[in-house]
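Here are my notes for you to read with the model open beside them. I begin with the pocket, then turn to the sheet and the charged pairs.

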Amino acid sequence: MLLRIALPLLLAVSAPAAALDLPALIECRQGVADHAALAPLLADPLKAVAQGLQPLPQGNQFMSEYRLAQPISVFGTRTERVAVTGSSVMAILDQADPRPLAKQLGLETGYDQDGKFMAGRELVSRDVTDPKSGEAQIESIILSVSTVASHPGKTLAGCTYSLDLPEEEAPARPELAPPPITGPGSDGH
């Protein structure tokens with residue numbers, strides 16, 4: 001009886017966790033569903049550490065930073081630090097000038113002033129249907145390179161994954177008839 005109870009637990013503990021392919025996520029080689037699997041992992045520090053992601057003190061209030069147990073190679077460069085912010089996952093690269101990488105990746109510069117640089121390109125924009133609700137959505141995957149004041153001498157490079165609702169056109173307003181004339185003399189008297 002004890003074996004019957006313990007065996008499923010042993011199998012669950014010994015079953016390998018789904019491998020996290022950070023380079024593929026960072027280089028925009030995966031989809032929104034793959035990125036969505038990252039959030040619950042990062043929400044639990046023990047699970048993050050089990051996947052080789054050691055949470056670091058937050059130096060920027062808008063992003064969470066992690067040191068990797070094993071360095072990865074992304075965009076031809078090795079790194080052992082990544083950052084996650086909203087729907088983006090980025091490598092923190094030891095490159096003071098982001099422009100060469102942005103040019104290599106064929107990105108459009110969106111901003112380049114006052115020590116701030118941002119460049120990007122939408123790689124995927126496609127209509128999808130939510131399998132649960134049947135709701136129409138737009139899957140978008142954007143590759144970007146940027147700098148951030150909290151990380152001087154570093155370049156952030158990575159991918160933003162999002163599912164958005166299509167913009168709906170406002171329904172046409174019916175023509176409004178002028179209000180009826182009321183008051184003395186309006187009834188023909």
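1. The largest pocket holds about 250 Å³ of space. A pocket here is an open set of points on a 1 Å grid over the protein atoms alone, where a 1.4 Å probe fits, with protein on both sides within 12 Å along at least five of seven lines. The volume is the space filled by probe spheres set on those points, which are joined across faces, edges and corners.

2. This is a predicted model, in which local features need pLDDT of at least 70 and side-chain atom pairs count only at pLDDT 80 or more, while totals for chains, interfaces and linings use all residues. Residues are numbered from 1 along each chain as its sequence is written, and side-chain values use heavy atoms, with hydrogens and water left out.

3. Strands are DSSP runs (E, at least two residues), as helices are (H or I, at least four), numbered from the N terminus; two strands pair if DSSP finds at least two bridges between them.

4. Have a look at S2 (residues 64-74) and S3 (residues 77-85), which pair over seven bridges. Glu65 has Ala83 in S3 as its bridge partner. The side chain of Glu65 also meets Arg81 in a salt bridge (2.5 Å, N to O), a term that means a side-chain nitrogen of Lys or Arg within 4 Å of a carboxyl oxygen of Asp or Glu. Because Arg81 lies in S3 and Glu65 in S2, the pair ties together parts 16 residues apart in sequence. Glu65 is buried, at 9% relative accessibility (buried means under 20% relative accessible area, exposed over 50%, partly exposed in between, with a 1.4 Å probe and protein chains only).

5. The structure holds seven salt bridges. Another joins Lys154 and Asp94 (2.2 Å, N to O), residues 60 apart. Asp94 is exposed, at 61% relative accessibility.

Conventions: On a 1 Å grid over the protein atoms alone, a cavity is a set of points where a 1.4 Å probe fits but cannot get out, and a pocket is an open set with protein on both sides within 12 Å along at least five of seven lines; lining residues have an atom within 4 Å of a point.
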